[in-house]
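Please examine the structure shown below together with its sequence. The paragraphs that follow proceed from the overall division of the chain to individual residues.

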Amino acid sequence: MNEFDAVLQNCLSERVRVESVRRENELFVLRFHDDADVLQCVEFWDKSLERKSFRISRRLAFAYRPNLASRAHEDVIPWVIGVLDRKEERLVAWMAAYVETPSVRPVSRPPLFLRETWLGVRILRVLPRSRSVARAAQIVLNEALEQAGQTDDVQIYFETRCAQSCEFCEEPRIRDKLSGRTVTRLLTLQHELTLDLVSSGAFEALVAAIAARDLRLTVTGHDWTGHPHVERLLRILERYPGVRLRLQGPSLAFDSLEMARRVAALPALEAIVTTLQSSDPAEHDAMVGARGAHARLVRALENLELLKVRVQLSLVLTRRALRSLPATLRYLKERAWTIELSAFVPDQALGDVSDKLAPLDELRRAIEASIPEARDTIRSLVGVPVCGVPEIMRGKVALVLRTDKRAATQFGTECADCRVRLACSGVPAGYLRALGTRGMVALRVGGST
Ligand code: SF4
């Protein structure tokens, strides 16, 4: 039981059933069911904040949510406000000690992730019994969906070589190894013989089956825009206006207005998903390992904005990304763009990346230095340990989505006493070895970090 429960729950429970109390920026919002079991909301805040109120006490102001006022049962809202008012001193103390607890959002269902080469091999395997590439592709998809269980999103990952070498990506490491070079040779051969997914008709069959099941399709990969049959790929997507479509990748090709127009015209396009590591061109280019990438990406984003295409930006929180994070968020705010910050949870193939892990104390300082811009600009913080986020931003933390290839996350000794442990993703495996419990601060009941 927290301090708020101890102070108020008992008095209020005479007439109402408290559901929750949370902070929303400068306001505290109390939600409760009244004696007619109608859900009601009362807000309270420090009265120095100028805002229309229902009642002002010595230090606080109170109001009810106008949209619910019409449903207020008799005088229950004035009564609740009266109780809060009489408990003002305790309430002020509780507000000062309040620690934001992230809401445990339901983790969305993991996507079904299908790599181009894996699909090619599986389709060839079932081809003798299915007698057509299209039928074989549908069988492979059905089997994969059955194994994956419930999913909303099928991701087709084209392995066309990417021009970038992002510091958080395993692909540049794999492609230089013998097995990676073999895969590239095999794909090149398939493309030349037009036996690849797109030319063979397999991709179209997959898109048709995904549309028929009303699933989302994400076309992704190292860089799908570099596919030798990209024109044919786009024509296929045009033929399925009913499929909910996202296009994910470096997106540099949209620096061509012609190419940007081409995707903007896709009837089912929901969003383009891409990564911006820094507003500083040199820093961004260094993190993605490609000179000139920042300039091309910004041109691409401007083209897409001009064409009113929805863009979802993300930034991977490596240690280097923290250096320019405040400037990046200011830049985004000026442009009215938003971003999702993702914890850097390294893929196993990356090897030792301890120097790239962001220490939680540095992460927290970088976000703190970005307030107020961070509040408007950061859409969510995915997989970021809660204590690495300033209190005011903790409501935007979401749990990390786990995948087979990613190293697991883990918890330190500090976490045993932490009250947000169940709403926290922990730190990447390897963090404790590289940095110990640096920056990990248990959040305790009634206290702050
Ligand atoms: S102390 Fe551990 S459980 Fe608590 S917020 Fe930090 S990492 Fe998460």
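The domain assignment of this protein gives domain 1 (2–97) and domain 2 (102–267 + 278–291); such bounds come from an automatic or database domain assignment. Taken over C-alpha atoms, the centres of domain 1 and domain 2 are separated by 50 Å. The model is a predicted one, in which local features need pLDDT of at least 70 and side-chain atom pairs count only at pLDDT 80 or more, while totals for chains, interfaces and linings use all residues. Residues are numbered from 1 along each chain as its sequence is written.

Consider next the sheet. Strands of a sheet pair through backbone hydrogen bonds, either parallel or antiparallel. Here, nine strands form an open sheet with parallel pairing, in the order 6-7-8-9-10-11-12-13-14. Its edge strands are strand 6 (112–115) and strand 14 (397–398), each of which pairs on one side only. Two strands pair if DSSP finds at least two bridges between them; helices (H or I, at least four residues) and strands (E, at least two) are DSSP runs, numbered from the N terminus. Strand 12 (residues 339–343) and strand 13 (residues 378–382) run parallel and are joined by four bridges. Within this pair, Ile-339 stands opposite Ile-378 of strand 13.

Helix 5 (residues 116–130) lies across strand 6 and strand 7 (153–158), and runs at about 80° to strand 6. Axes are lines fitted to C-alpha atoms, for helices over the stretch in contact, and angles run from 0 to 180 degrees between N-to-C directions.

Two packed helices are described by the angle between their axes and the distance between the axes. The axes of helix 6 (residues 133–148) and helix 10 (residues 202–212) come within 8 Å and cross at roughly 50°. Helix 6 and helix 10 are therefore oblique to each other, as angles under 35 degrees count as roughly parallel, over 145 as roughly antiparallel, 65 to 115 as roughly perpendicular and the rest as oblique. The contact (C-beta atoms, placed from the backbone, within 7 Å) is made by Val-133, Ala-134, Ala-137, Gln-138 and Leu-141 of helix 6 and by Ala-202, Ala-205, Leu-206 and Ala-209 of helix 10.

In the loop between helix 17 (360–368) and helix 18 (373–377) lies Pro-372, which a cis peptide bond, with omega of about 20°, joins to Ile-371. Lys-308, in the loop between helix 14 (293–306) and strand 11 (311–317), has a positive phi of about 60° although it is not a glycine.

Terms used:
Contact = placed C-beta atoms within 7 Å.
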